[in-house]
Amino acid sequence: MSRNYYMAGNWKMHLTRTEASQLAQDLVKQLGDGKHKYLIAPSFTLLETVSAVVENSNIRLGAQNCAPEEQGAHTGEVSVLQLKDLDVQTIILGHSERRHIYKEDDALINKKVKLALKHGFEVILCIGELLEERETGKVEEVCERQTVKGLEGVNAEDLHNVVIAYEPVWAIGTGKTATPQDAEAVHAFVRKVIARLYGEDAASKIIIQYGGSVKPDNAAQLMAMENIDGALVGGASLKTDTFIPIAKFKS
């Protein structure tokens, strides 16, 4: 089964509107002839600015999170209805920073996943283990739990709008990267989990991205692995001279 590569940039809490507009314009120009699927996910305050820039381009607009409720008395939260109004197409959910710094648990992430899918968004569901979990042999246990609980109640039809991003937490922003072989082993395992939940056909079609210190000099080796279908890039997505070579890696 051939799957299209999906290269995504998570801008995290960086950039002003002016900086974001310039970066988005540069990416639209330089990725216009790109052969893969592309996404950028700016902060909430930048979405309207960036939305206008990427409109009618081959770059999808993503948000980094959403509230678990559609609307109401939820001070400081941003709803799926507000994101839809800004032409956001994809929502990143369950990122390790949300899980570990902001204490989002599997049940909350699952609620957000179902709400986003109900409103027609594509969801990038992030999974991945901490360093101590890897060192104690719990990689598969953690990744299986986060996948199964994150997708609880999601039917096979909605799974078409789900992308999994495997991000070993110890490799995010640390400069450490899982070896292509380490990452491939987890990706292959997660695909087996999807096969058990949804069948072999669904498992062969689902995109599983890798995230965690992806750089221009390791992107091609990671993407060469059979079960790695793209990248969720953090710090390297904030500059064209690092993101473009990753996004347009030569296979």
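Predicted model: local features only at pLDDT ≥ 70, side-chain atom pairs only at ≥ 80, totals over all residues.
1. **How to talk about helix pairs.** Two helices that pack together are described by two things: the angle between their axes and the distance between those axes. Keep both in mind for the next points.

2. **α1 with α2.** Start with helix α1, which covers residues 17–31, and helix α2, which covers residues 47–54. They pack at an angle of about 20°, and their axes are 9 Å apart. Angles under 35 degrees count as roughly parallel, so α1 is roughly parallel to α2. As for handedness, α1 and α2 make a right-handed crossing.

3. **Who touches whom in that pair.** On the α1 side, look for R17, A20, S21, A24, Q25 and V28. They meet T49, V50, V53 and V54 on the α2 side. Sorted by class, the residues of this contact are 6 nonpolar, 3 polar and 1 charged.

4. **α5 with α7.** What angle do α5 and α7 make? Helix α5 (residues 106–118) and helix α7 (residues 139–150) pack at about 45°, with 8 Å between their axes. The two helices are therefore oblique to each other.

5. **Who touches whom here.** From α5 come D106, N110 and V113, and from α7 come R145, Q146, K149 and G150. The residues of the contact between α5 and α7 split into 1 nonpolar, 3 polar and 3 charged. V113 is one of the α5 residues in this contact, and Val counts as nonpolar.

6. **The largest pocket.** Now for the spaces. The largest pocket has a volume of about 410 Å³. It is lined by 13 residues, and K12, M13, Q64, R98 and Y102 are the closest to its centre. By class, the pocket lining has 5 nonpolar, 5 polar and 3 charged residues.

7. **The cavity.** How many cavities of 30 Å³ or more are there? The count comes to 1, and the largest cavity has a volume of about 30 Å³. Its lining is made up of G94, H95, S96, R99, C126, I127, G128, E167 and V169.

8. **What sort of residues line the cavity?** The lining of the largest cavity divides into 3 nonpolar, 4 polar and 2 charged residues.

Methods:
Residues numbered from 1 in each chain as written. Heavy atoms only, no water. Axes fitted to C-alpha atoms, helices over the stretch in contact; angles between N-to-C directions. Helix = DSSP H or I, 4+ residues; strand = E, 2+ residues; numbered from the N terminus. Parallel < 35°, antiparallel > 145°, perpendicular 65-115°, else oblique. Contact = heavy atoms within 4.5 Å. Left-handed = near helix turned anticlockwise from the far one by under 90°. 1 Å grid on protein atoms, 1.4 Å probe; cavity = no way out; pocket = protein on both sides within 12 Å on 5 of 7 lines; lining within 4 Å. Points joined across faces, edges and corners; volume = space filled by probe spheres on them.
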